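Me: Could you walk me through how to read ring contacts and enclosed spaces in a model like this one?
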Amino acid sequence: MMVHTTVFIVLGVVTLGAALAVVTSKNLFHSALFLMLSFVGVAGFYVLLEAPFLAAVQILVYVGAIAVLIIFAIMLTRRLMAEDLVQRNAQWVWSALGALLLFGVLVVTLVQVNWPVVEAAVPEDSITALGQDLMGPYVIPFEAASILLLVALVGAVIIAREEE
Amino acid sequence: MAVTLYWYLIVAAALFCIGLYGVLSRRNAIGILMGVELMLNAVNINLLAFWRYQTPSVMTGQIFAIFAFTVAAAEAAVGLALVIAIYRNRDTVIIEDINQLKE
């Protein structure tokens, strides 16, 4: 139990610290690298929550695809990486206050609620069950998601391509 | 001290609020997208934490998280394509300068 708690605290510090660096770093490229670190920390949380498939997907999709895509976009617009450029807008103080206020409200509310908790273990073959559910009762949403991805893919290509 | 559901919820709330601050305070469209990604990750932590602590025997929670992943991937692809298209046309990705509709 002690190991579990220690790992949770380390992951929390890494994830939240990297996330803070993402939103405060002056250099957008550093932000993107910290974003990768934060995604890896979230994958660690998924491992702690005994969802290994989701952890693998998190690494593949977020670290492997989305973060790399963001780095590509930063490099394609690289003039904007300049150090002297102001990255914060005029309302950042109010944004920070608003975010802190929301965090306070969320924590106070969350702690007051007595969430029902089940002391059951995750079944041994949870990944098998996940696959069978995706191909069984959830096959229609699964196909809808694949159509969504196809539409997004084609749309992204058309939006980003050079005009002739 | 064992890790409980509350710990995950609080971490996810913190991650969400950090992402919200990023979305509200960045001038660069790519920076805003990074904030959105952080918020989506916070939501996924919540989904999986509730799954693990409330219904670990059925896979619905994980499947919900998988669909959130899918939508996040589509959002990132289209969002970054839009940023690149705007950069081509206007030579900027600073949100305050993209205000043709206002003029």
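Me: Is Y62(A) buried or exposed?

Reply: Buried means under 20% relative accessible area, exposed over 50%, and partly exposed in between, using a 1.4 Å probe and protein chains only. Y62(A) has a relative accessible area of 0%, so Y62(A) is buried. Keep in mind that this is a predicted model, where local features need pLDDT of at least 70, side-chain atom pairs count only at pLDDT 80 or more, and totals for chains, interfaces and linings use all residues. Side-chain values use heavy atoms, with hydrogens and water left out, residues are numbered from 1 along each chain as its sequence is written, and chains are lettered from A and ligands numbered from 1 in the order in which they are written.

Me: Which aromatic pair does Y62(A) form with F69(B)?

Reply: Rings of Phe, Tyr and Trp (its six-membered ring) pair if their centres lie within 6.5 Å; planes under 30 degrees apart count as stacked, over 60 as edge-to-face and the rest as tilted. Y62(A) and F69(B) make a tilted pair, at 5.5 Å centre to centre with 55° between the planes. Y62(A) lies in helix α3 of chain A and F69(B) in helix α3 (residues 60-90) of chain B, so this pair joins two chains. Helices here are DSSP runs (H or I, at least four residues), numbered from the N terminus. F69(B) counts as buried too, at 3% relative accessibility.

Me: How many aromatic pairs are there over all chains?

Reply: Searching the whole structure gives nine. One of them is F39(A) with Y62(A), tilted, with 4.6 Å centre to centre and 55° between the planes. F39(A) sits in helix α2 (residues 28-48) of chain A and Y62(A) in helix α3 (residues 52-76) of chain A, so the pair ties together parts 23 residues apart in sequence. Ring pairs also link F8(A), F45(A), W7(B), Y8(B) and Y53(B) into a cluster.

Me: And cavities: which residues line the largest cavity?

Reply: On a 1 Å grid over the protein atoms alone, a cavity is a set of points where a 1.4 Å probe fits but cannot get out, and lining residues have an atom within 4 Å of a point. The lining of the largest cavity consists of V22(A), V23(A), S31(A), G22(B), R26(B), G31(B), M34(B) and G35(B). Its biggest contributor is α2(B), with three residues.

Technical notes
1 Å grid on protein atoms, 1.4 Å probe; cavity = no way out; pocket = protein on both sides within 12 Å on 5 of 7 lines; lining within 4 Å.
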